[in-house]
Amino acid sequence: MGPSVDPVPSGVLFETDTQTPDLALDKDVSKLKNASPRQHEYVWFNIFWFLYLHIVSLYGIYLVFTSAKWQTNVFAFVVHLMCAIGIGAGSHRLWTHRSYKARTPLRTLLMLWQTMGFQDCIFEWARDHRTHHKYADTDADPHNAERGLFFSHMGWLCCKKSPEVIEGGKRIDLSDLYNDPVVMFQKRHYMKMMPVLCFVLPTVIPVYFWGESWLNAFCVPTILRYTCGINVVWSINSFAHTFGYRPYDKSLNPRDNIGTWMICVEGFHNYHHAFPWDYRATEYPLYNMLTPTITFIELMAKIGQAYDLKSVSPDIIKQRAQRTGDGTHYLWGWDDPEFTEKLKSQLGVVSNCEKKLE
Ligand SMILES: [Zn+2]
Ligand SMILES: [Zn+2]
């Protein structure tokens with residue numbers, strides 16, 4: 001079965017895609033969302049692999065509290081953080097969205113950490129994620145949230161890609177990735193590097209350096225840490241596309257949700273889909289400071305390894321929130337009819353939005 005329709009872009013990917021002064025597409029993208037009925041072709045290897053990972057991880061959680069050494073638990077967290085930065089600052093913000101530029105030493109470090117996270121090589125990760133943004137919540141979106149929470153979380157990896165997703169991926173310009181020697185090196189050697197960085201080293205290091213048991217070293221910093229890492233990224237595709245507010249663009253499924261942020265340290269997804277080339281997670285400096293990926297990029301900029309960081313001006317953000325937002329910008333309930341001007345002045349509440357603009 002070929003694609004039923006040509007994939008039609010439902011989101012912006014780069015600044016050059018934007019068609020309105022407030023950096024959106026010049027059409028109602030809510031009408032493009034779809035999920036045609038489909039007979040999925042299951043990938044049984046992945047289904048059993050994910051089952052295995054989650055069962056061993058449950059045992060890993062038990063070991064964290066009963067027999068793993070504290071050094072092992074700390075090590076697991078540090079490896080998790082390295083992988084999260086490799087994926088968040090590397091394959092996501094640098095290579096998919098080109099939200100900043102990085103010198104070769106930083107690109108190499110991010111490539112190694114990204115490999116340790118084992119979520120496909122940078123080339124494939126970036127191609128799929130660009131497809132996700134450009135065709136968000138349509139049949140050409142690899143983890144189309146219109147197919148439900150489970151599909152967008154992990155179901156999409158349990159079945160073969162649809163023809164629309166393959167077609168969408170083919171229409172994405174990947175020339176910058178082909179021209180990046182670090183990306184192409186990883187692509188060529190991925191299947192040799194990944195098992196060593198993701199599974200062998202995190203198991204051997206605790207045994208060799210602080211005498212951890214093989215079982216604890218395998219279950220905690222390797223399998224549990226890896227399973228947490230993939231679930232964090234999956235949650236952004238599922239929960240952050242389902243629950244929360246849409247202060248910047250109510251026609252998009254992606255939402256801002258503090259709950260998702262607390263679990264994933266990345267939950268301002270309405271902002272991210274509205275302005276994907278912004279290197280920041282959100283316009284709020286406090287949350288950016290608390291987001292390791294963003295703090296890492298800013299730290300790298302200070303030492304000259306990252307440069308040309310892109311961000312969207314407060315004026316454009318305000319224009320966009322006022323034109324397409326759901327009214328929850330800055331202060332929840334600000335636009336509720338029962339929250340009268342009189343009540344606002346009685347309570348001494350001033351909209352941060354207004355305050356910033358005057
Ligand atoms: Zn998304
Ligand atoms: Zn993205």
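Which residues does Thr-18 touch, not counting residues up to four places away in sequence? In this predicted model, Thr-18 is found in the segment before helix 1 (44-66), and with that sequence neighbourhood set aside, Thr-18 touches Val-12, Leu-23 and Ala-24. Thr-18 is partly exposed, because 17 other C-beta atoms lie within 10 Å of its own, a number between the limit of 12 or fewer for an exposed residue and that of 20 or more for a buried one.

Helix 8 was examined against two other helices. Two packed helices are described by the angle between their axes and the distance between the axes. For helix 8 (residues 181-210) and helix 9 (residues 214-238), the axes come within 8 Å and cross at roughly 140 degrees, which makes helix 8 oblique to helix 9. The crossing in which helix 8 passes helix 9 is right-handed. On the side of helix 8, the contact involves Cys-198, Phe-199, Pro-202, Thr-203, Pro-206 and Val-207, and these meet Trp-214, Ala-217, Phe-218, Pro-221, Thr-222, Arg-225 and Tyr-226 in helix 9. By class, the residues of this contact comprise 10 nonpolar, 2 polar and 1 charged.

The axes of helix 2 (residues 70-96) and helix 8 come within 10 Å and cross at roughly 165 degrees, so that helix 2 is roughly antiparallel to helix 8. Helix 2 likewise passes helix 8 in a right-handed crossing. Gln-71, Thr-72, Phe-75, Val-79 and Trp-95 of helix 2 make this contact with Val-183, Pro-202, Ile-205, Pro-206 and Trp-210 of helix 8, and the residues concerned are 8 nonpolar and 2 polar, with no charged residues.

In helix 6 (residues 163-170), the buried residues are Glu-164, Val-165, Gly-168 and Gly-169; because they cover an arc of only 135 degrees around the axis, they lie on the same side of helix 6. Helix 4 (122-134) is included in what covers them. In helix 14 (residues 314-324), Ile-317, Arg-320, Ala-321 and Thr-324 are buried, and since these residues fall within an arc of 100 degrees when seen down the axis, they line one face of the helix. The cover over the buried residues of helix 14 includes helix 11 (269-274).

Notes
Residues numbered from 1 in each chain as written. Chains lettered and ligands numbered in written order. Predicted model: local features only at pLDDT ≥ 70, side-chain atom pairs only at ≥ 80, totals over all residues. Axes fitted to C-alpha atoms, helices over the stretch in contact; angles between N-to-C directions. Helix = DSSP H or I, 4+ residues; strand = E, 2+ residues; numbered from the N terminus. Parallel < 35°, antiparallel > 145°, perpendicular 65-115°, else oblique. Left-handed = near helix turned anticlockwise from the far one by under 90°. Contact = placed C-beta atoms within 7 Å. Nonpolar A, V, L, I, M, F, W, Y, C, P; charged D, E, K, R; others polar. Arc of directions from axis to C-beta.
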